Amino acid sequence: MAAFDRGTEARKEIINVGVFPFYRAAGVGKVINMFFATHANVLGSITNLDNNAAYNMLKKGDLDMAVIKARPEYFREDYNYEVLLTERLVALASKNSPFGKKGKIDVGELYQMDLLTGTDDTSFFDEMRVLYEQNNMPFNISLIRTNEAEIMIEMIESGQGFNLITEKTAEHLANENMRIVEIEPPQIVKTAIAYPKDKKIRGIKRTFINEIADYYNSIEDYDDVAEQNIR
């Protein structure tokens with residue numbers, strides 16, 4: 001920008017945002033792209049990373065904010081959170097798998113199939129391990145070392161395991177070979193924009209948060225959508 005359009009760089013504002021893996025499948029990518037498409041004077045730096053890595057970058061000041069997805073008890077006290085979605089956790093499994101054939105399972109049954117999870121340094125791994133421990137289950141897992149949704153889908157379809165994801169993500173990923181399986185009792189997960197409490201969010205960065213939050217507040221009640229997609 002400095003080389004080809006002198007003076008323009010000074011007028012541009014940059015927002016550094018971290019986003020959780022599979023954020024595109026969850027519809028977050030579309031909303032963020034809409035914001036930057038309608039604010040030509042703003043540049044977006046989007047980094048796809050796990051919650052743990054996002055918190056580290058927020059602490060160092062490398063990110064202005066991060067869109068995280070976590071169980072509410074894992075929200076940290078030294079951060080502010082603008083909640084976008086409150087959803088149930090569901091299982092996404094092959095339609096021919098034991099879970100897929102049932103359509104609804106008890107949380108205490110999760111150990112009966114291998115859970116596809118990231119490496120042991122990720123927040124998802126930590127949260128799921130605790131969930132299994134809380135329900136006195138062995139932590140039967142199959143590690144995947146990628147954030148690519150396509151690879152995860154191939155593993156699920158081939159019966160190599162199942163994944164625990166939120167309703168909206170499941171809605172985007174499910175196809176004729178995979179089934180969304182409800183879990184009882186409900187396990188709640190929140191999607192939120194996080195930023196340090198000691199950091200003031202002003203100007204276009206505050207506008208970014210407000211417009212993303214307004215979009216989610218304007219969509220139809222997600223409980224109704226979820227019920228239609230859980231069979």
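Reply: Buried means under 20% relative accessible area, exposed over 50%, and partly exposed in between, with a 1.4 Å probe and protein chains only. This is a predicted model, in which local features need pLDDT of at least 70 and side-chain atom pairs count only at pLDDT 80 or more, whereas totals for chains, interfaces and linings use all residues. Residues are numbered from 1 along each chain as its sequence is written, and side-chain values use heavy atoms, with hydrogens and water left out.

Me: Why is Glu-167 called buried?

Reply: Glu-167 has a relative accessible area of 4%. The limit for buried is under 20%, therefore Glu-167 is called buried.

Me: What makes the pair Arg-88 and Glu-167 a salt bridge?

Reply: A salt bridge is a side-chain nitrogen of Lys or Arg within 4 Å of a carboxyl oxygen of Asp or Glu. The N to O distance between Arg-88 and Glu-167 is 3.0 Å, so the pair meets this definition. Arg-88 is itself buried, with a relative accessible area of 12%.

Me: Which parts does the pair of Arg-88 and Glu-167 tie together?

Reply: Arg-88 belongs to strand β4 (residues 79-94) and Glu-167 to helix α7 (residues 167-173), so parts 79 residues apart in sequence are tied together. Helices (H or I, at least four residues) and strands (E, at least two) are DSSP runs, numbered from the N terminus.

Me: How many salt bridges does the structure hold?

Reply: There are nine. Among them is the one between Glu-109 and Lys-102, at 2.4 Å, N to O.

Me: What makes a group of residues a nonpolar core?

Reply: The term denotes a set of buried Ala, Val, Leu, Ile, Met, Phe, Trp, Tyr and Cys residues joined through side-chain atoms within 4.5 Å. The largest such core here has 25 residues, and those with the most contacts inside it include Ile-15, Met-65 and Phe-208. Helix α8 (203-218) gives the most to this core, with six residues.

Me: Which residues is Phe-208 in contact with, leaving aside its neighbours within four places in sequence?

Reply: Contact means heavy atoms within 4.5 Å. The partners of Phe-208 beyond those neighbours are Ile-15, Val-17, Ile-32, Phe-35, Phe-36 and Met-65.
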